[in-house]
Amino acid sequence: MSGPPSRELTRQERAAIRRLVLYAIAKQYHVSLDWLFGISDNEFSLSSMGDIISFLLELNELTELRYELEINDKFFNDIETEDNRWYANIKFYGNEKGHLYNADMCQFLASLNESRESFESYFTPKDMFDIWKNGKLLITPPCQ
């Protein structure tokens with residue numbers, strides 16, 4: 001005998017390796033697995049806090065879009081009250097010079113706010129809200 005006996009991978013082991021490879025491809029190219037398999041038109045997904053943090057860090061790198069952060073984490077006697085709550089704001093100034101997409105972002109957020117309030121108050125049905133969302137995705141220009 002020469003060397004240890006070879007062992008064939010089990011079906012579960014092969015499936016686990018395929019999942020890891022597909023996950024690595026999706027992560028490398030910043031696309032969702034649903035998009036990779038043609039299940040969804042969304043190239044990316046925000047399914048974890050890591051995805052959200054990654055998105056915000058990438059947003060921070062854009063020169064066409066600038067935002068400020070406002071954090072309120074200071075409380076009298078270290079007690080949060082109804083009038084003084086812990087929060088974090090992301091602010092976009094619509095007329096910010098040198099940041100071409102700030103005005104578009106402000107207009108989009110105003111439209112989102114109105115549409116979301118209408119949906120959440122049951123004035124707009126879900127299918128109409130989804131049509132609004134898909135329409136916004138179709139007309140959005142790419143960042144350079």
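What does the accessible surface of the chain come to, and what share of it belongs to carbon and sulfur atoms?

1. Surface and basis. The accessible surface comes to about 12600 Å², and 58% of it belongs to carbon and sulfur atoms. Accessible areas here come from the Shrake-Rupley method with a 1.4 Å probe, and for residues only the protein chains shown count as cover. The model is predicted: local features need pLDDT of at least 70, side-chain atom pairs count only at pLDDT 80 or more, and totals for chains, interfaces and linings use all residues. Residues are numbered from 1 along each chain as its sequence is written, and side-chain values use heavy atoms, with hydrogens and water left out.

2. Fold elements. The chain has 5 helices and 2 strands, in the order α-α-α-β-β-α-α from the N terminus. Helices (H or I, at least four residues) and strands (E, at least two) are DSSP runs, numbered from the N terminus.

3. Burial and contact range. Of the 144 residues, 13% count as buried. Buried means under 20% relative accessible area, exposed means over 50%, and partly exposed lies in between (1.4 Å probe, protein chains only). Taking contacts between residues at least 6 apart in sequence, 31% join residues at least 24 apart; a contact means heavy atoms within 4.5 Å.

4. Nonpolar core. The largest nonpolar core holds 5 residues: Leu59, Leu65, Tyr67, Phe92 and Tyr101. Such a core is a set of buried Ala, Val, Leu, Ile, Met, Phe, Trp, Tyr and Cys residues joined through side-chain atoms within 4.5 Å. With residues up to four places away in sequence not counted, Leu65 touches Leu59, Phe92, His99, Tyr101, Asn102 and Met105. In soluble globular proteins, nonpolar side chains tend to be buried together.

5. Aromatic pairs. The whole structure contains 4 aromatic pairs. Rings of Phe, Tyr and Trp (its six-membered ring) pair if their centres lie within 6.5 Å; planes under 30 degrees apart count as stacked, over 60 as edge-to-face and the rest as tilted. Phe108 and Trp132 are a stacked pair, because their ring centres are 6.2 Å apart and their planes are at 15 degrees. This pair links distant parts of the chain, with Phe108 in helix 4 and Trp132 in helix 5 (residues 126-139), 24 residues apart. Phe108 is partly exposed at 32% relative accessibility, whereas Trp132 is buried at 19%. One aromatic cluster takes in Phe108, Phe119, Phe129 and Trp132.

6. Ser115. Which residues does Ser115 touch, not counting residues up to four places away in sequence? The contacts are with Phe129 and Trp132. Ser115 itself sits in helix 4 (residues 102-120) and is buried, with a relative accessible area of 16%.

7. Lys91 is in strand 2 (residues 87-91) and Glu70 in strand 1 (residues 68-72), so the bridge ties together parts that are 21 residues apart in sequence. Lys91 is partly exposed at 31% relative accessible area, and Glu70 is partly exposed at 27%. Side chains of opposite charge can pair when their charged atoms come close.

8. Other salt bridges. The side chains of Lys74 and Asp73 also form a salt bridge (3.2 Å, N to O). Lys74 is exposed at 63% relative accessibility, while Asp73 is partly exposed at 39%. In helix 5, Asp130 and Lys126 lie 4 residues apart, about one turn of the helix, and their side chains meet at 3.0 Å, N to O, in a salt bridge. Salt bridges that share partners join Lys126, Asp130 and Lys133 into one network. Asp130 counts as partly exposed at 21% relative accessibility.

9. Asn77 has phi near 55 degrees, a positive value in a residue other than glycine. Asp78 also has a positive phi, near 55 degrees, and is likewise a residue other than glycine.

Definitions and conventions
Salt bridge = Lys/Arg side-chain N within 4 Å of Asp/Glu carboxyl O.
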